[in-house]
Amino acid sequence: MSTPSSRPIVVVTGANSGVGLGICQRLLVQLISESATDAQPHYDFHVQKTTTTDDVSFDGLTLILACRSRQRGEAARDKLYQFADEQVRYDGHAETFRKHLTIVVHTVDLSRIQTVFRFADEVTTTYPYVSHLICNAGVAPFVSINWFLAIKQLATDWVDAVTAPIYYTQEVGQVSQDGLGWVWQCNVLDTMSWYFRTLKSHLAKCQMSTGPRVIWMSSHESSPVYYDPTDWQLTKSAHSYESSKFQMDLIAHHLDQASLQDSDKLPTRHLIVLPGVAGTNIANALLGTFSSMCMYLAFYLARFLGSPYHPIAAFKAAISAVHLCLVPSKELDISDPTATNEVGFRYVSECDRWGKERVGTMKLTRSKEHNKQCNDLLDHCERLLTAFCEAEGRPVPS
């Protein structure tokens with residue numbers, strides 16, 4: 001039986017809907033069971049494909065929902081409590097877990113760095129540590145669909161068109177309330193500041209045998225193709241979403257390598273997740289009722305034609321994030337820091353044509369040019385975060 005000091009304390013950003021809510025639900029299903037099947041290292045990419053329940057059975061959980069709207073967050077909390085009650089099977093473990101389950105809501109707005117700092121203050125003063133930080137929240141500046149490009153891509157590569165579409169028109173030049181590139185601040189700066197400048201020390205206090213973990217939610221659309229390093233705040237880019245996810249991949253890999261090389265401490269793993277294609281409010285907002293129905297039909301058709309990247313349901317799309325939360329540390333890939341091209345993995349939510357979900361991987365590649373871009377980007381973030389801390393009169397965390 002786990003003790004209060006060894007129970008997970010998990011932060012999920014953007015937890016009130018979509019994949020974020022799916023992660024919370026899937027995590028509850030896994031931990032309310034005495035044997036968490038998502039934790040089993042039985043995929044091809046694992047170091048040793050075995051069946052084990054070591055380190056993955058907990059008799060309680062604190063789940064922190066980080067949401068922009070308190071009202072929607074509290075509605076999600078109530079839904080999750082009801083969902084957990086429906087999973088209890090009165091086998092002893094499930095009842096004990098439910099008794100020690102706490103779900104709380106904290107508000108944060110990614111477009112305002114001040115609220116990120118306030119959130120971190122609340123977490124560090126309320127909870128003894130954080131075991132997992134799941135960076136799911138983000139924004140997409142999609143404003144319309146270029147139907148000419150959509151029809152062209154659908155005609156030439158149907159599966160790719162509904163996996164990594166190039167036909168969304170994105171608003172250019174959006175600026176946040178803090179005067180920064182809006183997409184960049186929400187998807188990159190604030191996502192990094194969750195860990196790098198606010199919760200790093202609290203993650204380090206986690207003494208669970210799995211070690212603390214940060215899960216970075218990337219996208220199949222992540223690409224260096226559109227990235228201009230001189231426009232690192234992405235205010236001039238017509239593809240700021242794809243570029244912001246590329247920047248996130250760079251930073252996550254860099255932080256993972258830096259943590260692994262610090263042999264004096266239990267490393268905080270930084271792991272990149274692709275949730276696959278799921279129906280969310282982002283796409284639905286651009287489509288009417290009929291178009292939304294067509295979109296879902298296209299997703300199912302792509303899956304039936306053999307695409308592994310269409311779990312479609314948020315609960316299924318959550319499998320990769322939940323797996324990485326629970327799988328024993330010894331089964332996780334440790335990349336070679338001297339590698340010159342293929343440097344690691346992104347973990348992908350996949351499924352077969354009948355919808356049975358699983359976890360796969362995609363190679364993460366980085367060139368010397370990408371390394372320089374990452375270092376420059378980190379310098380920019382460092383200077384900005386330091387300036388924001390000084391403006392707030394708060395010490396700059398090390």
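Mentor: The charged end of Arg353 sits over the ring of Phe304, 5.5 Å from its centre. The model is predicted, so local features need pLDDT of at least 70 and side-chain atom pairs count only at pLDDT 80 or more, while totals for chains, interfaces and linings use all residues. Residues are numbered from 1 along each chain as its sequence is written, and side-chain values use heavy atoms, with hydrogens and water left out.

Trainee: What makes a charge sit over a ring?
Mentor: NZ of Lys or CZ of Arg must be within 6 Å of the ring centre and within 35 degrees of the ring normal. For Arg353 and Phe304 the distance is 5.5 Å.

Trainee: How many aromatic pairs are there?
Mentor: Eight. Rings of Phe, Tyr and Trp (its six-membered ring) pair if their centres lie within 6.5 Å; planes under 30 degrees apart are stacked, over 60 edge-to-face, the rest tilted.

Trainee: Why is the pair of Phe142 and Tyr241 called edge-to-face?
Mentor: The centres are 5.4 Å apart and the planes stand at 65°, so the pair is edge-to-face.

Trainee: What about Trp184 and Trp232?
Mentor: Their centres are 5.2 Å apart with 75° between the planes, and this pair is edge-to-face.

Trainee: Why is Trp184 called buried?
Mentor: Buried means under 20% relative accessible area, exposed over 50%, partly exposed in between (1.4 Å probe, protein chains only). Trp184 has 0%, so Trp184 is buried.

Trainee: Why does Trp232 count as buried?
Mentor: Trp232 has 18% relative accessibility, so Trp232 counts as buried.
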